[in-house]
Amino acid sequence: MAMLGDLDKDGKLELAVGAFGSDDGKGAIWILSLDNTTFNVASKLKITAGLNGFEDTLTVSSNPNGTNGASFGHALCKVGDLNGDGIPDLMTGANQQNEGWGYILYLNEDKTVKTYTRLTIDEGGFDFSFTPAERFSRSISFLGDLRGDGTVAVNYGGGAGGEGAQGATGALYVLFFKPCEFTQESGFQRWQGGNTLFTNWSHRNQALTGDSLTFEQCTFKSFETGASQMTYNFNDGRCICIDSNATLTESTELSNAYTNTCNTGSNTANIPEISEPNAIRIYPNPTSGKFHFGINLTKHEYAVDLFSIRGELLDNFNLSQNENTIDLSSYECGVYVLRFDVNGELHTHRVIKQ
């Protein structure tokens, strides 16, 4: 199970519940809206293969461990707003699909799936080598900013299969997801030249050569391939990832050109990186609302700016105490950036609102 908060802003909290044995073993997730007085289920919505926006294919065939089906929804984890649309997103998995697949489900306000990305031995950027019975994603838990560098850490459990009862030693994988911005060039433009690192589009035939991708899926391809430039077309789902040698040209086919700030040295929110990470203490982080910070001062005057992860200035404070508190209760779940101006020196830290 995973509490998601009030997705549709109707005053009722949403709860995601896995039903991993349903639909002949494919598995499903139910999004339950709870009455805010009785906590009875007021409405419900089912997510499984081909239903309510989740368009991937889940297996019902036999698996290396002798069971049937994908076990989609066996583990669930709320991870905040990963794609910056103001709606919390959900991590889950199908731990009996091949070696075990992880999923990021980007949700809509109406509780359906906007789109999804997969974490497998071939997709997602972590390049693990799993045995056929690994059952990756059998358990998932949220760690938050474990390293204090703005990345989001999530535990994924695996190693549950082995060869029968013997050899099922278990494994734990800590995955770090870095928040990055894709800055869009003005107008309709595309990247040309350079070295193409991924494409699902043939310019010669003016047709897709693979699956149509959503914007989120295209950005994942950019991460996987280390591309600094990305062309995406919202009309047909073409996705072209190119290295930094590309140049801009006008797109007559209404494509959009983006720069991946993670691969160009730019900061996510266009503000300076942390210069002295140990000078400012922030706790608890992640937080459900209020967090505190302590700062070592030689001069008791400093300013604090609060940014969204996309660089939007949300609030600012002029402070003089060494210990202070900021309340994020009114903000959506996700990653936020604090910029401290201490005696003319800038420091930045990231805070995760759960």
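Modeller: Let's start with a term: a contact means heavy atoms within 4.5 Å. This is a predicted model, so to speak of local features we need pLDDT of at least 70, and side-chain atom pairs count only at pLDDT 80 or more, while totals for chains, interfaces and linings use all residues. Residues are numbered from 1 along each chain as its sequence is written, and side-chain values use heavy atoms, with hydrogens and water left out.

Colleague: Which residues does serine 251 touch, then?

Modeller: Leaving aside residues up to four places away in sequence, serine 251 touches Phe188, Gln189 and Arg190. You'll find serine 251 in the loop between strand E19 (247-250) and strand E20 (256-260). Strands here are DSSP runs of E, at least two residues, numbered from the N terminus.

Colleague: Is serine 251 buried or exposed?

Modeller: Buried means under 20% relative accessible area, exposed over 50%, partly exposed in between (1.4 Å probe, protein chains only). Serine 251 has 5%, so it is buried. Its side chain also reaches the backbone nitrogen of serine 255 at 3.0 Å.

Colleague: And what is the relative accessibility of phenylalanine 176?

Modeller: It's 33%, so phenylalanine 176 counts as partly exposed. Phenylalanine 176 lies in strand E11.

Colleague: How do I read pLDDT?

Modeller: It's the predictor's confidence in each residue, from 0 to 100. The protein's mean is 83, and 88% of its residues reach 70 or more. Over residues 265-278, though, pLDDT is below 50; this stretch has 34 contacts in the model beyond near neighbours in sequence.

Definitions and conventions: Helices (H or I, at least four residues) and strands (E, at least two) are DSSP runs, numbered from the N terminus. A polar contact is a pair of N or O atoms within 3.5 Å; within protein, one must be able to donate a hydrogen and the other to accept it, and residues adjacent in sequence count only if both atoms are side-chain atoms.
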